[in-house]
Amino acid sequence: MADHMELSMESGGGGRPPSTPQISLVALFLACMVAGGVQYGWALQLSLLTPYVQTLGIPHALTSVMWLCGPIAGLIVQPCVGLSSDKCGSPLGRRRPFILSGCIVISISVIIVGFSSDIGYALGDTKEDCKDYTGPRYRAAGAFILGFWLLDFSNNTVQGPARALMADLSGKHGPSAANAIFVSWMAIGNVLGYSSGSTDKWHEWFPALQTRACCEACANLKAAFLVAVIFLGFSTAVTMIFAKETPLDPEVAKQGEGEATGPLAVFKGLKNLPAGMPQVLIVTGLTWLSWFPFILFDTDWMGREIYHGRPDGSPAEIAAFQEGVRQGAFGLLLNSVLLGISSFMIEPMCRKLGPRTVWVASQVLVCIAMALVAILGAWSLGDFGGNVQDAAATEKGLKTSALVLFVFLGLPFAVLCSVPFAVTAQLAASKGGGQGLCTGILNISIVTPQMIVAIGAGPWDELFGKGNIPAFALASVFAFASAVAGTIMLPKMSKSSFRSVSMGGGH
């Protein structure tokens, strides 16, 4: 692969994408606002829903299976939507129709999740007051899982076109500026979402949300998700206004008629990947294997291992668990602040050191951090260092250390959210476009590790009987493997061209 990749869109064959008017950096920032709206709900989903579903009767060992919806949706939906948006001839443009429809479905699914306890109550779950009843509520769990799966499918409908839209609009500002804006909106959404998840005052501000089926913790979740719907609606409207897309030429759109569609077309596209892309897919897969245990179980780990609580235990254990979840959400809030700040450091670092070095170095940090997460959890549970549960000063130090780790991981997470996509955009540009398809195929290397973690994390943890700790230990191993693989396999890219390659999408 050539080191210097300043290639124009005209180098690609098979028809050109529509030319997009140049927009200012401010307009580009506003055009990406939908990413913040989606991320707001995603942050709530990550921080609150694994702990919450356990209160409905789903055992801890099975909660990871619930997250299978994400990789299945990503494996099927995002590549197909990415390919379809490359060829979409709607008057609204190629990306905005998918963004708008996906956000409507997200809003519906979020309401189902937030009101799942009330839906279960209406469908025949126990009529006992939630203050007195702590047993399973399977109809509520069913409604929750339905909304949860629908939410992940609609999230994946939006994410690919939203990133491809930034590629289409970036123009003179370059791929790294576009990715920095995208990651910044993710950070803003995370800050808002995790701050909403870390407060326990929603039920006081909106007392009408409490019902016989939905007590304080449930009402807090319900209110936070309703606010997420409002923010998503506003951010979608802003994106629809400021993202001025030029509709695809009807003649170009017709060229795709009669071609293979759906998953068949996606896998057909695998044969035409740009040079270096297969290696990027492998390293991306290993990288996400090291991240998903933390992404899925971070607040649950804080509630169980660090605060020694249980979602289905005694009142004191439930209170300790909820406090740990809130502190975990607060740590993720601070993590997101660092993520937002770090996102503007990624381009200078990549231009100075090269994207491969930045990517590998971030995974070395993840390797160390995940090992420390496992060590802190084991120490807190008294596996070594004496019975620290009776040592108030030591326990306080462990809680503080856990919070610091949550925050620190914002730096490598900024790399994770930016560099693989920027590298993919450059490789796609070298072939003359197809941003939607390349982004969708990259997503396969993200969702496959999530599927592995979702299926394997529960049995893996049960095998050792140590809660979330074994999954974090294995995550450290995968982080080391991804660093080694990245050093050997990632293509060498010109430092100076990291910003200058056009991210315009191909049809």
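Leu46 is located in helix α2 (residues 33–55); helices here are DSSP runs of H or I of at least four residues, strands are runs of E of at least two, and both are numbered from the N terminus. The model is predicted, so local features need pLDDT of at least 70 and side-chain atom pairs count only at pLDDT 80 or more, while totals for chains, interfaces and linings use all residues. Residues are numbered from 1 along each chain as its sequence is written, and side-chain values use heavy atoms, with hydrogens and water left out.

With a relative accessibility of 6%, Leu46 counts as buried (under 20% relative accessible area with a 1.4 Å probe and protein chains only; exposed is over 50%, and partly exposed lies in between). Beyond its neighbours within four places in sequence, Leu46 is in contact (heavy atoms within 4.5 Å) with Trp67, Tyr194, Ile295, Asp298 and Thr299. The C-alpha atoms of Leu46 and Leu296 lie 6.3 Å apart, although 250 residues separate the two in sequence.

## Overall fold

The chain has 19 helices and zero strands. Of its 507 residues, 59% count as buried. Among contacts between residues at least 6 apart in sequence, 84% join residues at least 24 apart.

## Helix α13

Just after α13, His308 has a positive phi of about 55 degrees.

## Helix α14

In helix α14 (residues 315–353), a kink of about 35 degrees lies at Met345, shortly before the proline Pro348. Gly354 follows α14 and has a positive phi, near 100 degrees.

## Aromatic pairs

The structure holds 13 aromatic pairs; rings of Phe, Tyr and Trp (its six-membered ring) pair if their centres lie within 6.5 Å, with planes under 30 degrees apart counted as stacked, over 60 as edge-to-face and the rest as tilted. Phe294 and Phe472 form an edge-to-face pair, because their ring centres are 6.5 Å apart and their planes stand at 65 degrees. This pair links distant parts of the chain, with Phe294 in helix α13 and Phe472 in helix α19 (residues 469–489), 178 residues apart.

Phe294 is buried at 4% relative accessibility, and Phe472 is buried at 1%.

## Nonpolar cores

A nonpolar core is a set of buried Ala, Val, Leu, Ile, Met, Phe, Trp, Tyr and Cys residues joined through side-chain atoms within 4.5 Å. The largest has 123 residues, of which Phe144, Trp291 and Trp301 touch the most other members. Its largest share, 15 residues, comes from α13. Apart from this core lies another of five residues, among them Ala73, Val77, Val81 and Phe98.

Not counting residues up to four places away in sequence, Trp301 touches Ile306, Val373, Leu376, Gly377, Ala402, Phe406, Asn468 and Phe472.

Key: Bend = angle between axes of the 7 residues up to and from the residue.
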